[in-house]
Every structure is written in structure tokens, then in C-alpha cells.
Amino acid sequence: MKKGEIYEGIIEKVEFPNKGFVWVDDQKVIVKNGIPGQKVRFMINKKRSGRAEGRLLEVLEKSPLETREPACQEFPACGGCMYQTMSYEAQKDMKEHQVRELLDGAVRESLAKIGKNGDGTEEAEAADRLYHWDGIYGSPIEFGYRNKMEFSFGDEYKDGPLSLGLHKKGSTYDILNTDDCKLVHPDMTKILVCVREFFLERNASFYKKLQHVGYLRHLLLRRGVTSGEILVHVVTTTQEEYDLEPLKEQLLALPLEGKIVGIMHILNDSLSDVVQSDETKILYGKDYFYEELLGLKFKISTFSFFQPNSLAAEILYSKVREYVGDTRDKVVFDLYSGTGTIAQLAASVASEVIGVEIVEDAVKAARENAALNGISNCRFIAGDVLKVLDDVPEKPDMIILDPPRDGVHPKALPKILAYGVDQIVYISCKVTSLVRDLPAFYEAGYEMTHACAVDQFCQGVHVETVVLLSQHRDKSTCLDERGSRQIEMQASQLASLLAQKPDDTIEIDLDLDELDATSAELKATYQEIKDYVLKEFGLKVSSLYISQIKRKCGIEVGENYNLPKSENARVPQCPKEKEDAIKAALKYYAMI
């Protein structure tokens, strides 16, 4: 099997989030973006160390799970809704199986580490016995559920007419006209068509990432599900100028079910392909709207974080509140608190809730929302969880964790566990990060007692997972036994070492976890970052520049890596253009 070769096969299973497995002559090949049971044609695009990956070229035969026609006319070219030919029940069943398989494996691994259920069969039984699976909860609506969408300007093919929509599956540059997108409310697609036609008539250019030229970048839309209020954001560079007053009038004249309450023109001249603002001009109305969730009111502005599926978020937070239980007279820590939604839900009977969030704008929004809802026992702190916990004098009675996709920072986890609270609720938008962290909880004396999944992303590959972690009753015994075993093992290793002859070979087992590498450090190599920057921006960057920007972004590199050998040595500093490109690569690899 070599790179570039084309094969056919059946996708036997799909693991979270979208890793399909095809067997070719006893060789397992990972093929993404498929459905179990499909017969597919694929090309090998990666082959190393016995591991092979293939790029899906064509679906030759449908899966038995595909029982309905696609709802969207852009399927399957657009990769946003790859499961829409499956019934929603089948989607939920598959996601539930994916999450349970990962959690069961993590429980077995955790039990093995603390020395319980050494026999493999007993472990398999124990995983099902030691925690209660509460099932998977679906979204109340299957289509039109997204309250936020970022559309991109571009062309569907090289030098084609202006398009506005979503990326073609597997393509960095081709943009499909997604006038029929089923993930959003019809109000949003009407606005999309209006904006595209306006700029098509004026022959406006779109921003080309490699050449850094062009005007149109993104269309960011937000719509309140309960209020129907809509924010429209047209994101452009400053390289051209157009009178947007006619666009404002056309948008306000659209026959919408909801109501446009704000139209913004965002100026963004950065090199990175993300929606950000150098300057925001309000063309109409205001730059925020209100949404209600479980009886609380939230102010949502352009860049505020808010769960993308408001109705499913109510189910998610209801399960979190159920797992949190009685917080009467308790101090609750809500770590990675975002805009404070969970903190405010927990505050009704708690003595105090302290939220910690690194994004300052989110903390500002959390404080405003708490005041809006008349909640006075919530305190929000802006800063990194890793550092802030050292300066908070209060001790929690309960902890809620809702970390970003990469999970809890490996250096923050010991600090969190050191509080020794009776219960921790962990909400994860990426279950593989959760199962990576689980063994540490078990080693600290916790066990997973309840777990469930909430599907906020119908037709897509992702799913939320919520678990309740409770202290073992025999925590001290568990830790003492583990400590004794470690001492015995170290003594045995020392005896073996002393018995070695001078010419003997000593075999060493190295656990990568002991290297204390952060998840960001494991994301992408320096060469991968260089390749991305060259491909996307046409710039060559050095390892020195990459390490400088990593340090700026708070990513740990070797203590002396790329530092000058002498105190007075001149070190070239990364230019702004290359800094923006490197940051774009770090964002692409989810390192920042």
C-alpha cells in the first residue's frame, strides 16, 4: 500500500468524531467523512509507521443506515451536514455508541491504573456497573437550529463569479453558495442571498488569502431563537470602499419572520482567516440582542460565546443542574465559565459562585448578564485557570468544569484535584479530551457515577458529554495502596539496576504523559506550522519566529529553546505580517 493508490472498501465503523475504518488486505485504513456500511472509493494520502489514512473520493453504495434523501441541495459537496441521509434516531444511536465506547474504555483504563479489576473480563463488566448511563438527549428541532453562522465570500471554482456560503468539503479555497442551508433559520438564508446579490451587482472582489488582496471576507449572522432578533455583520478589508446605505435599506425591507436589530460593518485587515475586528461601524440599530435560557436573560453581542443551539443548550444545562444537585450554602467554582450561563443557573441557592474565564470580553458579558438577571452572588474573574486558582482565597465545595475542546490544561488539573471536593461536574464538547483526563480523576480518588450525551449538532459529527465525578468512599485506602505499590515497584527496579553488570543493556519504559507536554505542544510540529503558513499566506517563517509567537500566546516551549546564547546577542523579531500568519496556523491546529 503506497500513497496515491486508490482502493475500494466498506466502512466497518465510525469512531468519534468522524473516523471511519476500512480494511484492505488486513490493513486498517482511516477514511473520514463516511457513514458505517457505505462502500467507498478512496485514495491513500498518508502512510507511516503501519498507519494509513485515505481521502474519500466517492460513495459507491449507500449504507443501510441511509434511509432518507438529503434535505439540502448542496449535499454532499458541503461537509457541514454529513449525516443528514440518516434518520435522526440513527444519528443519535451512533453518537451514543461512540461516546459510551470511549467512556467505557477510559473507565477500564482508570480502574487498571489504580489496581482494581485486574482481569480484563471483570474490567469490562465493571465499566458498565460502576457508572450510570443516562442516555443521549436529542435536539428539540433537527433543522434550523443554529443561532450563529459564519459564511465566507469566495468563488466556487477558480476565477468563478462571487459566491457566499460554506467551504466545499475538503477544500480551503472553494466556497459554495449555500442558499439552501438547513442548519439555519430561513431568515438567515434570505439575508445571505440579499448580501451576495448586492455585491455581485457592484462587481466587488473577495479577499484572496495567498495574495492578501480583495475586499469581502465574511458574513456573520446571529439570530435569537426565543426573541427572533437578528444581528448582521459584513466583514471586509479596507482595500475598497462601497456605499453600504443601499444594502442597509435592502436588508431592512426583507420579509423576515424575525427582526433585524443591528447591522454592522466590521473592518478586518489581519492576515489570518478568522472573523475579528480592527474597527466596527454600526450602520443600523445596536450591536447586541437578548436571548432567554431556562428563565434567565442573556445579552449577546458580536463576539459573545453562546451555545450554537439554544433549545438543545437548555437540555444540556438542565442535565448539568441535575448533576450539580443541591448547592444550598455551598461555594461553587465554575471554571472556564464563558459568559457565565452555568454559574448563574447554579447561583440560585448557592452561597457564592466564582467563575474563571480567560477571555476578558466573555467575563465582561458574564458580569452584565448577572446584573441583568439580578444575581448578586456570582463573581467572575478574568484570567487563566492555571494561574488564577493560586490567588483565590476561597475554597470550593463543588467544581463545575466546562473547558475548551482540548480539555483541562494538564498543569491545572492537579490544582483542581487538590481541592478534594466531593463532586465535580465535567462538561465536554470533545469526549476524547474528557477520556484523556479521566484517569487522573480516578487516581485522585474520584469515580464517574453518572454520564450522558446531549446532541446539539444534528446532522454533524459532534456531541456534548456531561459526567458527574464523585469521591470514592475508600479514597484514602485507594491512595495508600497505590502509593505502596509504587514504592514496591521502585524498590524492585532499583534492585534490578544495582544487579546490572557494566556491559548490560538497561531497558527503559518511557511514559509520554511524564514528559508534561501540553496538549498544544502535541498539536502540530514546527514543520507543519511552516508548511501551513507557506501554503495559506505564501510566507516562509523560521523556527525562531514560531517559538517567539508561541511564547506570546502562552504556549510552552523549551525553557531555553531559541533563546540567544549571550545576553547582548541581537535576536531578530518576528514581523507583524508573519506573526499574524503564525497565529492563524496556531488557530488552525487548535493550539490557541
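**Exercise 1.** Find which residues lie nearest the centre of the second largest pocket, and work out what its lining is made of.

*Solution.* Start with the lining: 22 residues surround this pocket, and D155, Y173, F206, K208 and K209 lie nearest its centre. Keep in mind that you are looking at a predicted model. Next, take the volume, which is about 460 Å³. Then turn to the strands: β7 (148-155) and β10 (216-223) each give at least two lining residues. The largest share, 4 residues, belongs to β7. Finally, sort the lining by type, and you get 8 nonpolar, 6 polar and 8 charged residues.

**Exercise 2.** Check whether the length of helix α5 agrees with its number of residues, then say how its buried residues are arranged.

*Solution.* Helix α5 covers residues 310-324, which makes 15 residues. Now list the buried residues of α5: S310, A312, A313, L316, Y317, K319, V320, Y323 and V324. Looking down the axis of α5, you find them within an arc of 165°, so they line one face of the helix.

**Exercise 3.** Describe the largest cavity by its volume and its lining.

*Solution.* The volume of the largest cavity is about 80 Å³. Its lining includes C72, C78, C81 and C181, along with F75 and K182. By type, the lining divides into 7 nonpolar, 3 polar and 2 charged residues.

Key
Residues numbered from 1 in each chain as written. Predicted model: local features only at pLDDT ≥ 70, side-chain atom pairs only at ≥ 80, totals over all residues. Heavy atoms only, no water. 1 Å grid on protein atoms, 1.4 Å probe; cavity = no way out; pocket = protein on both sides within 12 Å on 5 of 7 lines; lining within 4 Å. Points joined across faces, edges and corners; volume = space filled by probe spheres on them. Nonpolar A, V, L, I, M, F, W, Y, C, P; charged D, E, K, R; others polar. Expected span 1.5 Å × (residues − 1). Buried < 20%, exposed > 50% of the residue type's maximum accessible area, 1.4 Å probe, protein only. Arc of directions from axis to C-beta.
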